[in-house]
Amino acid sequence: MRSGELLPRGRQVDFTALAPERWNPEFATPFNQRVIGERVLVTNDFGDWLLLSSDEFRSLIEGRPQPGEPLYEKLRSANFVAQAVDVGTQAERWRRKKRYLFHGPTLHGFVLTHRCNLVCQYCHSSVVGMERTDTDMSLEVAERAVDLAFQSSAWSLTIEFQGGEPTANWDTLRHVVEYATRKNRTIGKVLSFALVTNLTLMDDERLAFLLDHKVQICTSLDGPADLHNKIRVFKSGNSHEMLVAWMRKINERYAAMGLDTNHYRVEALPTITRPSLTRWKDIVDEFVSVGCRAVFLRKLDPFGFAARSAKTLGYSMDEYLEFYANAVDYIIELNRQGVQVMERHAAIMLNKILVDEEPNFLDLRTPGGACVGQLGYAPDGGVYSSDEGRFVASMGDDMFRIGTVHDGYRQLMTSAATRALVMAGLNDAQPDCVSCVYKPWCGQQVEYNYKAQGSLHGHMRDSNWCKKHKSIFDYLIHKLESADDRDMEMFRRWTTNRTLDHFIVQ
Amino acid sequence: MSHVHIETLDQSSATLTLSLDVSLYPRDVLYAAAYVFLDRAYVLLDRQDARFVVRFRSKRPLDEAGFRAFAGEFENELLAQALRHRVVDANQRIIEDVVAVAIAGAAAGVDPGPGSTAAHPPFIDPKDPDDGFLDDPLEIARPFEPGKQGTE
């Protein structure tokens with residue numbers, strides 16, 4: 001266990017020891033660099049990377065490698081030799097990885113209600129009591145939102161039900177599923193539904209509907225019962241007990257339906273609060289014990305109630321990073337013992353690093369996912385740039401409201417606000433990002449920049465967003481640098497993407 | 001030999017002033033190197049005759065050794081940014097060619113994707129003057145808004 005020890009961090013190359021008069025800038029494609037352990041990590045804009053010795057790095061910047069030499073071949077095969085780059089091949093590769101640029105938003109978050117029966121201490125949303133049915137999304141607004149989502153030029157659509165507790169507005173949830181499924185019979189998109197629920201309002205009839213209509217079920221689990229119940233306060237009972245019972249029941253139903261239970265399980269997400277920081281082992285163990293194969297160790301963000309309860313539940317980025325490293329070290333140790341579990345930040349990043357894939361994770365792409373990757377629909381018909389845009393609105397600031405469900409899709413997508421958000425979410429427009437070694441794999445979220453630093457661009461040098469991602473990349477590259485064959489096999493397993501075809505509604 | 005001179009070093013006011021010959025580095029390199037220190041210091045750039053002057057006021061107390069290390073790091077960062085500047089100048093065209101070829105290939109239509117029977121026009125219509133994604137009607141490309149200081 002790390003105690004007060006920071007993650008292994010990268011650092012700048014010592015250029016004062018490298019004679020500038022010998023540099024040959026004609027030799028290499030544009031690259032960035034960072035010292036990782038004893039070696040120098042270099043990356044280029046195509047997403048290639050190498051770990052070089054100091055001598056190899058010096059040779060690269062002096063342009064000394066000659067064709068036929070091992071170092072030249074190593075650099076050439078990773079597209080670091082300018083004269084040897086095949087533009088056609090790289091263009092195809094760029095297009096494959098940036099395919100999200102060529103269609104509209106795929107993720108459509110429907111906030112069905114602001115009502116919730118839990119009183120979570122850090123809740124993002126503008127939650128109200130269960131009696132406030134006036135905050136429910138009406139059937140008319142829901143239909144307009146579905147119509148708008150289907151206008152997206154994306155070939156694939158995911159409608160995600162959020163809240164409040166979305167199952168509190170069951171009639172609208174049910175109607176959206178039926179209406180969208182019917183509509184898709186003539187339009188033919190790859191359609192899927194996801195439900196983010198605390199499971200406390202679940203019953204057998206509702207579960208049967210969700211399973212029959214292939215709605216993927218996701219929930220929130222903060223760890224063992226004492227930790228979960230302390231944060232997710234449920235006045236009518238034990239929220240952890242109910243949650244775990246339903247998770248087991250749903251997983252059993254998946255098995256009974258003949259689905260491969262290695263892949264089809266209830267997804268759960270923890271939110272990390274101050275009481276979680278010393279409980280990394282308990283949290284991972286809890287996820288394993290309830291049958292989860294993935295833990296997404298998300299830092300508490302600056303939105304909603306989370307901002308207001310920051311003093312009691314919040315923590316510094318250094319504290320989070322120490323927690324993260326302890327937890328992932330433990331996850332790696334479990335894997336070595338044969339327990340298959342992974343951390344999602346790591347899996348997303350390793351997908352980019354090891355298999356040259358772009359998983360289109362909306363928080364870690366450029367431009368960011370605001371508007372052109374996702375839209376959020378509020379109960380009153382407001383359309384927002386994302387979940388986070390809606391969270392900002394719940395704090396009284398409509399900065400990210402780009403229109404309403406009564407506007408046309410094209411009007412929303414070409415609006416001044418959408419253009420501004422896309423432009424601000426480009427790594428190439430950020431002073432620090434352009435020269436960062438992690439530029440080909442990283443991304444930013446304009447809503448975070450705005451909330452945390454007061455402008456859409458923010459300033460990455462002292463942004464916690466940047467610090468978090470750069471530190472996790474550093475941590476992973478250190479792990480890759482020292483990984484043996486068994487660890488590499490484990491990391492590659494984490495990058496294996498299996499499509500959950502069962503959840504596609506045809 | 002160092003190309004950056006320490007002009008003043010005042011621990012009591014946590015300030016360090018450096019100067020360097022204006023012919024050594026392009027101004028963009030100076031800006032980029034100074035930016036890297038924004039998390040640790042307030043930075044003021046100036047020019048006096050043939051020298052750039054860089055004033056740092058540290059956000060945390062530093063002893064003399066700390067300030068001298070600061071100066072060394074700044075010189076190192078100047079070199080790192082200078083290398084990047086020169087490589088990008090020499091070969092940025094390759095990146096631009098790749099992106100241009102990729103986008104030209106995609107502009108013919110949107111890939112409907114596996115399993116989809118949907119067909120849609122391209123999201124961006126290059127013939128439509130209203131599709132000017134480089135417009136900045138809200139002037140959002142302007143830097144930091146001091147009136148909306150955040151919480152970090």
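This briefing covers strands, sheets and helices in chains A and B of a predicted model.

Local features need pLDDT of at least 70 and side-chain atom pairs count only at pLDDT 80 or more, while totals for chains, interfaces and linings use all residues. Residues are numbered from 1 along each chain as its sequence is written, and chains are lettered from A and ligands numbered from 1 in the order in which they are written.

Chain B has two helices and four strands. Its four strands form an open antiparallel sheet. In chain A, three strands form an open antiparallel sheet, and helix α5(A) has buried residues.

**Terms**

- Helices (H or I, at least four residues) and strands (E, at least two) are DSSP runs, numbered from the N terminus.
- A residue is buried if 20 or more other C-beta atoms lie within 10 Å of its own, exposed if 12 or fewer, and partly exposed in between; C-beta atoms are placed from the backbone.
- Two residues are in contact if their C-beta atoms, placed from the backbone, lie within 7 Å.
- Two strands pair if DSSP finds at least two bridges between them.

**Chain B: overall**

- Along the sequence, the pattern of chain B reads β-β-α-β-β-α.
- Chain B holds 152 residues, and 20% of them count as buried.
- Take the contacts in chain B between residues at least 6 apart in sequence: 51% join residues at least 24 apart.

**Chain B: the sheet**

- The strand order is β1-β2-β4-β3, with antiparallel pairing.
- β1 (4–10) and β3 of chain B are the edge strands; each has a single partner strand, so one side of each lacks a neighbour in the sheet.
- From one strand to the next, the twist averages 20 degrees. Axes here are lines fitted to C-alpha atoms, for helices over the stretch in contact, and angles run from 0 to 180 degrees between N-to-C directions.
- β1(B) and β2(B) run antiparallel and are joined by six bridges. B:I6 has B:L18 in β2(B) as its bridge partner.
- β2 (residues 15–21) and β4 (residues 51–58) of chain B pair antiparallel over seven bridges. Here B:S19 faces B:V53 of β4(B) as its opposite residue.
- β3 (residues 41–48) of chain B pairs antiparallel with β4(B) over eight bridges. B:L44 stands opposite B:R55 in β4(B).
- A hairpin is formed by β3(B) and β4(B), with two residues between them. B:D49 in its turn has a positive phi of about 55 degrees.

**Chain B: residue B:L18**

- B:L18 sits in strand β2 of chain B.
- It counts as buried because it has 22 C-beta neighbours inside 10 Å.
- Leaving out residues up to four places away in sequence, B:L18 touches B:V4, B:H5, B:I6, B:E7, B:V54, B:A71 and B:F74.
- B:L18 and B:R55 are 37 residues apart along the chain, and their C-alpha atoms are separated by 6.4 Å.

**Chain A: the three-stranded sheet**

- The strand order is β1-β2-β3 in chain A, again with antiparallel pairing.
- β1 (31–36) and β3 (49–52) of chain A are the edge strands, each pairing on one side only.
- Neighbouring strands are turned by 20 degrees against each other on average, direction ignored.
- β2 (residues 39–44) of chain A pairs with β3(A) over four bridges in the antiparallel sense. A:V40 has A:L52 of β3(A) opposite.

**Chain A: helix α5**

- α5 (residues 170–187) of chain A has 18 residues, so at 1.5 Å a residue it should span 26 Å; its end C-alpha atoms lie 25 Å apart, which agrees. The expected span is 1.5 Å times one less than the number of residues.
- Its buried residues are A:T172, A:L173, A:V176, A:V177 and A:A180.
- Viewed down the axis of α5(A), the buried residues fall within an arc of 135 degrees, so they line one face of the helix. The arc is that of the directions from the helix axis to the C-beta atoms.
- On the other side of α5(A), A:D171, A:E178, A:R182, A:R185 and A:T186 are exposed.
- Cover for the buried residues of α5(A) includes β4 (107–111), α4 (139–150), β6 (156–162), β7 (190–196) and β8 (215–220) of chain A.
- A:G188 follows α5(A) and has a positive phi, near 75 degrees.

**Chain A: α4 against α5**

- α4(A) and α5(A) pack at about 35 degrees, with axes 10 Å apart.
- On the α4(A) side, A:L139, A:A142, A:E143, A:V146 and A:F150 make the contact.
- On the α5(A) side, the residues in contact include A:H175, A:Y179, A:K183 and A:I187.
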